[in-house]
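This report describes selected features of one protein model. Please examine the sequence and the structure shown below before reading on.

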Amino acid sequence: MTDSKKFITYPTTSKSNQVDDYHGTVIVDPYRALEDPDTEDTKAWVEAQNQVTFGYLNEISAREKIKQRLTKLWDYEKYGTPFKEGETYFYFKNNGLQNQSVLYTLPSLDAEPRVLLDPNKLSEDGTVALSGIAINENGKLLAYGLSTSGSDWQEWKVRDIQTGEDLNDHLQWVKFSGASWTHDHQGFFYSRYDQPNEKTKLEDVNYYQKLYYHKLGTSQSEDILIYHRPDQKEWGFSGEVTEDGKYLIISVWLGTDSRNLVFYKDLTQINTEVVELINQFEANYSFIDNEESIFYFRTDLNAPRGRVIAIDTKNTTSENWQEIIPQTAETLESVGILNNQLVADYLQNAHSQVKIFDLTGNFVREVELPGLGSAGGFGGKRHDTETFYSFTSFTTPGTIYRYDMKTDKSEIYRQPQVDFNADEYETKQVFYQSKDGTQVPMFITHKKGIKLDSNNPTYLYGYGGFNISLTPNFSVSLLVWLEMGGVYAVSNLRGGGEYGEEWHQAGMKEKKQNVFDDFIAAAEWLITNNYTKPAKLAIAGGSNGGLLVGACMTQRPDLFAAALPAVGVMDMLRFHQFTIGWAWVAEYGSSENAEEFKTLYAYSPLHNLQSGTTYPATLITTADHDDRVVPAHSFKFAAALQECHVGEAPVLIRIETKAGHGAGKPTAKIIEEAADKWGFLVRVLGVEV
């Protein structure tokens with residue numbers, strides 16, 4: 001072993017006698033004080049922990065070399081998928097090492113692009129990020145949202161696209177919302193919360209979202225309230241104007257529950273009432289488009305892998321709903337209408353498949369993709385014959401293709417040049433058996449010709465929740481790991497959306513343990529098949545994936561040499577009491593329910609650390625401004641882990657300052673964190689660099 005605990009003196013964490021009674025079970029919570037990030041004690045604790053962590057990381061000789069390689073690899077042009085409004089094209093591009101991508105506009109594809117909005121000029125250190133944009137139908141006005149230090153709170157402004165000048169409009173207290181313009185170009189719909197307490201806005205619970213209309217040139221106080229529900233504090237509202245401009249579609253969401261309601265408002269008449277089209281939380285309904293009074297939806301009602309239906313708003317009883325595209329063996333992710341045809345994006349065993357149907361649901365063709373990977377894009381308007389998509393895989397950076405809907409031809413529009421030879425690496429997909437016999441897919445990427453001698457440093461990554469699918473994705477950071485001889489494995493755990501809503505529900509609430517069993521089984525498969533051994537195996541995940549890592553390292557500390565839980569949900573008894581945490585009750589359950597408390601308590605990482613146990617080398621990562629998964633989770637877990645752990649492996653917490661949950665994080669901070677992560681693994685797994 002390279003490190004001994006005696007070389008690391010962890011900061012002292014003050015403890016209290018805090019005790020809570022959950023349905024007759026008494027739970028101690030000695031580190032409750034760390035839930036407040038703004039006390040002098042917590043700030044001092046953060047500083048002391050970072051001193052210890054960076055003291056350790058600074059001793060890793062390979063770290064600087066890793067950082068230099070990361071910086072060199074990162075320095076390539078990254079293009080977003082172009083889109084069109086009116087007669088104008090728009091796209092995002094990052095020159096390489098810019099902290100934030102820049103929004104460009106151009107009148108035609110071969111014209112000289114012009115900078116429309118450069119978020120890098122909004123702050124010295126790149127911590128002000130663009131969090132959302134909405135361009136009006138004639139391509140002349142841009143509404144845009146800004147987020148500071150990774151917070152979910154946004155401010156929205158409006159820019160004249162021709163002059164590049166901002167108008168006087170300024171909206172505040174926007175969260176979990178985009179914007180959607182009316183076709184008269186006079187204003188847009190958006191959702192906001194009431195003004196929070198300035199001191200506690202990063203921890204306070206968010207309830208009572210309201211949907212407003214903002215008229216250009218007026219102050220926010222004059223905005224018109226379109227819809228709210230004082231009787232439903234947890235409901236959120238997303239307003240979207242239809243392509244024909246005639247309707248406002250209101251999707252009503254309840255936390256992270258994939259089921260939603262759909263209401264609409266006729267915009268062709270003045271002062272029309274909001275009509276409740278779908279008024280039961282029974283399934284997911286995603287609006288695609290409308291043809292006059294006929295609304296098309298992608299839904300999982302009686303179809304866990306998704307199908308397309310049409311509802312005539314003149315005759316809305318469910319027996320009159322029409323099925324356009326029935327459910328298939330693949331999972332239907334999303335649908336759009338282009339060239340008067342339905343473009344359906346499917347997942348087949350966690351990789352992309354794109355099919356085209358006519359508007360009555362007849363299959364036309366499958367779009368030929370460049371390989372096994374992830375395709376995204378295919379945006380545009382109903383009559384567009386041109387669209388764009390990006391294609392990526394574990395070793396292919398996002399390449400942008402222009403696709404002709406009439407000729408079925410794809411041609412490369414932008415291909416990034418990365419200092420990396422993809423031909424030297426391979427990805428394969430395997431299926432392994434979980435504890436209960438379920439077959440689970442896993443992607444494995446590594447250098448061609450590696451020896452299966454159980455000696456390969458291996459990085460196993462997972463998420464397993466919220467109906468989110470992990471598909472092949474290019475990461476510059478991972479190239480460095482692969483170049484060092486590392487194996488990268490991604491397991492498509494239950495709880496995700498890879499096989500539809502049934503797969504998701506098999507990893508929710510009382511079935512959450514399935515997710516951890518799937519991940520542990522992935523580790524055991526890699527060991528049994530001689531890819532690696534426990535002494536060379538690291539596990540990683542972020543957010544819900546941080547919970548995954550925390551649960552697995554507490555359940556099977558013997559199976560892994562290293563654990564990297566990032567911005568994890570670690571206190572499963574109190575998560576619902578902070579910011580948007582209440583919204584995850586649909587996924588996890590709540591400690592306020594006696595039965596659900598038993599399930600949560602059985603796997604909550606914070607509550608399953610055992611004193612006197614040898615845990616894997618651990619690098620917990622979080623941010624002091626994270627208002628999605630508040631840093632209290634990681635703070636309390638780190639304090640408890642340092643108290644319980646015995647043995648030589650370091651158990652550290654790295655706390656990023658002026659950053660949030662990850663969205664909008666500057667490139668410089670991403671590179672620093674990646675260098676620290678790989679440096680840590682090089683040291684604790686004994687990787688030759």
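## Lining of a pocket

By class, the residues lining the second largest pocket comprise 20 nonpolar, 16 polar and eleven charged residues. In this classification Ala, Val, Leu, Ile, Met, Phe, Trp, Tyr, Cys and Pro count as nonpolar, Asp, Glu, Lys and Arg as charged, and the others, Gly among them, as polar. The lining has 47 residues, of which E85, E240, E243, G380 and K381 lie nearest the centre of the pocket. Strand β23 (residues 331-338) supplies the largest share of this lining, with five residues. Helices (H or I, at least four residues) and strands (E, at least two) are DSSP runs, numbered from the N terminus.

The second largest pocket holds about 1600 Å³ of space. A pocket is found on a 1 Å grid over the protein atoms alone, as an open set of points where a 1.4 Å probe fits, with protein on both sides within 12 Å along at least five of seven lines; lining residues have an atom within 4 Å of a point. Grid points are joined across faces, edges and corners, and the volume is the space filled by probe spheres set on the points.

## Basis of the model

The model is predicted: local features need pLDDT of at least 70, side-chain atom pairs count only at pLDDT 80 or more, and totals for chains, interfaces and linings use all residues. Residues are numbered from 1 along each chain as its sequence is written, and side-chain values use heavy atoms, with hydrogens and water left out.

## Salt bridges

Side chains of opposite charge can pair when their charged atoms come close. A salt bridge is defined as a side-chain nitrogen of Lys or Arg within 4 Å of a carboxyl oxygen of Asp or Glu. By this rule the count comes to 39 salt bridges. In one of them, the side chains of D29 and K636 meet with an N to O distance of 3.1 Å. D29 lies in the loop between β2 (25-28) and α1 (40-57) and K636 in helix α9 (residues 632-644), so this pair ties together parts that are 607 residues apart in sequence. Are these two residues buried or exposed? D29 is buried, at a relative accessible area of 5%, and K636 is buried as well, at 2%. Here buried means under 20% relative accessible area, exposed means over 50%, and partly exposed lies in between (1.4 Å probe, protein chains only).

R69 and E483 also form a salt bridge, at 2.7 Å from N to O. This pair links distant parts of the chain, with R69 in helix α2 (residues 62-74) and E483 in helix α3 (residues 476-483), 414 residues apart. R69 is partly exposed, with a relative accessible area of 22%, and E483 is partly exposed at 24%. A further salt bridge joins E673 to R654, with the closest N and O atoms 3.9 Å apart. E673 lies in helix α10 (residues 667-685) and R654 in strand β38 (residues 651-656), so the pair ties together parts that are 19 residues apart in sequence. R654 is buried, with a relative accessible area of 4%. Salt bridges that share partners join D20, D29, R32, E35, D571, R574 and K636 into one network.

## Backbone angles and loops

Which phi value does W173 have? Phi of W173 is near 60 degrees, a positive value in a residue other than glycine. W173 lies in strand β11 (residues 166-181) and is buried, with a relative accessible area of 11%. For Y208, phi is likewise near 60 degrees, a positive value in a residue other than glycine. Y208 is placed in the loop between β12 (187-192) and β13 (210-215) and counts as partly exposed, at 38% relative accessibility.

Q195 is found in the loop between β12 and β13. Q195 is exposed, with a relative accessible area of 58%, and its C-alpha atom is separated by 8.2 Å from that of Q172, 23 residues apart along the chain. T360 is in the loop between β25 (351-358) and β26 (363-367) and is exposed, with a relative accessible area of 56%. The C-alpha atoms of T360 and I324 are separated by 5.8 Å, although the two residues are 36 residues apart along the chain.
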